[in-house]
Amino acid sequence: MYRFILIFTFSFLIFFAFAQTEMDTIQPEKPKKEKPKKFKAKKHLKAANKMMTQGNIYAASDLLEEIMTQTPENVATAFMLAESYRIARDYKKAETWYSNVYEMNPVDFAQAAYWKALMMKMNGKYNEAKKIFDDFRKSYRGADQHLKSWAQVEAKGCDLALQLIENPLQLNVHHLNKNINSAYTDISPILWDDTTLLFASLPTDTVIVIDGKDVANDYFIKFYTATIRGKHQYSEAEVFRKFNAPGFHVANGAFSPDRDRFYFTRCGEFKKGGKILCSIFVSEWKEGAWSEPENLGTKINFPEHTTTHPFVAPLKKGTEILYFASDRPGGKGGLDLWYSQINLAKKDYSEPKNLGAKINTDRDEATPFVDPVSGTLYFSSNGHVNMGGYDIFQSSGSAAKWTEPNNIGYPINSSTDDMYFRINDDGRMGYFVSNRPGIISIRGETCCDDIFAFEYLKVIYVAVTGIVYDEDDESKKPLDKARVTLSLESGEGILQNIQVGEDSLFGKKEYFFPLNMDKSYRVAGSLEGYLTHSETFNTNNLTKSDTLTVDIPLRRFVLDKEYRLRNIYYDFDKWDLRPEAKLQLDTLYNLMLENPTIIVEIGSHTDSRGSDQYNLNLSQKRAESCVNYLITKGIQKERLKAKGYGETRHLEDCRQYSDCPEDNVSDCSCHQNNRRTEFKVVGELDAQLIYEDQRFGEESEIEKKPKKK
């Protein structure tokens, strides 16, 4: 019987879930038949393949090395050996063997060039790797065509890495010592309380040797805690007496916002083919103790698929969002990030939905974390443009609507795998996990995961505050029970903006939102009996901490009250819109988007020159030009009415001004003022308007007030 050397890395969350899938989908193209060898390579290869599917990667590598000494020309074995080193994250040996494979048979194993370049990239050889990626995209004609698109992403990653290294983040990175990190795997760090670090680990200083299928409990990843004794000083870690379970890997702890629930992952059930399955569990704080953990059930833990990396963020009163990673059907590929809304009153989880194409790729996304202060989503991905394997990215939004992710930069990200980003509530320091050189290693300099701490050298805190008030109230007394939302400006219109905050102003207080630097925002106020209104601002070019003040005036909902649309004027005897007029109509467009049930009349007027009937016709055409413009922008025609008033409602008599001619040749400011356009709210939709709530990717109904008479 072979003695299997079992490797435990962060892979019990990533690799164990996907190693078999990856090996199945990236098989070498069939080489030309070779002459039979006396050495029984087929038998040994079968054993090596079995080791790999069981997670005994080191043992597989050792056996494959032995086979290669006996059959040095066996390119298929060489490819499998390269694969084993890549999966074991021994990038240097993997690079060497992929290179050997490509030199031995560049036709049947053309894909080896891609994997060689990827290993070079993860060894920090960016310039050399980029050239191979570019050449590979041009020349590869093999079956694995997805490698060509991946090569394009990886080539961009080489360029990005060089840029990020030239412009490092202003922070310090500290590798935690042996009181925390061990030679195998140490992952998922969070603060259990102000003085306790909770993490998951398989601590041992020697290679674990397992005979056959028996796996002792000592070989499972468990929760550990250590007391924080000072800056980067920790007590020796001890096994945590809660949540661990015999026969399961346990990790990925996350509190609910009120810290009354604790979510985590258990992995242990094996699917056919050796793929390990993970599920999310939750424990509740009841009567001074944590309850027995419960499986979240098949709605969250999809049968026969992995569900892991839980994180819970607040959404609005009575509702939270559970984010997690899963390879369930309906994703973009590999591990995707998903979310489910939690109804706290009913203790119910909604059907999970995918975070969407901006976040998820055809490869893997994992370890989501939402900063409780800024609301920023951090996650790791090997599918977005990155420096190495998994990089940490950030995005703003919620549920299924997010901004394009940004790479958070070097030195948190490196040429290796970087995951599990967590930032403390004070925003000054946090933790992440990496297998970069310098870790405490059981075998090879990048085999395993260690926990790192980081601390920003300079932190700028930016926020916005303000009141919501009646625009007719000169005292600007704050309105009670107003609702305020904060959104990131997309530059593509209000419907494309991404809501990142919500506040209800009970007790006539000010609203308050933390902000991120160098962003454009829109803050909107709403209240029963008023038209919703928004204001825009940005946080560009700030050099120190600051709290911006943006007050929001609301206009009372009054039927048939006319409001002037400034600067919507027309040339004499014309009805087409001037460019400046379209800018003003855009403000009405935004108003109608923010108040999606109102019906608006647009009224247009002429000056006194021309016959009454001619001016009525002209003003009607002017009003219709405004309505048509709004319809082309997406406002439903049922919500718009065009009314031409001709010269029946002049603001003033222009005959009193000597510079205002009665002929049709010249013009004056008085005539221009009379050629105005106004709007008024004339009603509301009788039926409920169905609209798409883009945060959740589903249709919702707007709650309607009784129609005003």
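I began with the cut-off: buried means under 20% relative accessible area. By that rule Cys 668, at 6% relative accessibility, counts as buried, and Cys 660 does too, at 8%. I kept in mind that this is a predicted model.

Entry on disulfides. I found 4 of them in the structure. One joins Cys 660 to Cys 668, with 2.0 Å from S to S, and I noted 105 degrees about its S-S bond, a right-handed link.

Next I looked up Cys 267 and Cys 278, also joined by a disulfide, S to S 2.0 Å. The pair links distant parts of the chain, 11 residues apart, with Cys 267 in strand β10 and Cys 278 in strand β11. The torsion about their S-S bond is about 110 degrees, so this disulfide is right-handed. Both Cys 267 and Cys 278 are buried.

Then came Cys 447 and Cys 448, whose sulfur atoms sit 2.2 Å apart in a disulfide. Here the torsion is about -100 degrees, so the link is left-handed. Cys 447 has a relative accessible area of 1% and is buried; I wrote down 1% and buried for Cys 448 as well.

Entry on strands. Which strands pair with β27? I found β2, antiparallel over 5 bridges, and β26, antiparallel over 6 bridges. Asn 172 has Glu 455 of β27 as its bridge partner, while Phe 432 has Phe 452. I also checked cover: 5 of the 7 residues of β27 are buried.

Definitions and conventions: Residues are numbered from 1 along each chain as its sequence is written. This is a predicted model: local features need pLDDT of at least 70, side-chain atom pairs count only at pLDDT 80 or more; totals for chains, interfaces and linings use all residues. Side-chain values use heavy atoms; hydrogens and water are left out. Buried means under 20% relative accessible area, exposed over 50%, partly exposed in between (1.4 Å probe, protein chains only). Helices (H or I, at least four residues) and strands (E, at least two) are DSSP runs, numbered from the N terminus. Two strands pair if DSSP finds at least two bridges between them. A disulfide is a pair of cysteine sulfur atoms within 2.5 Å.
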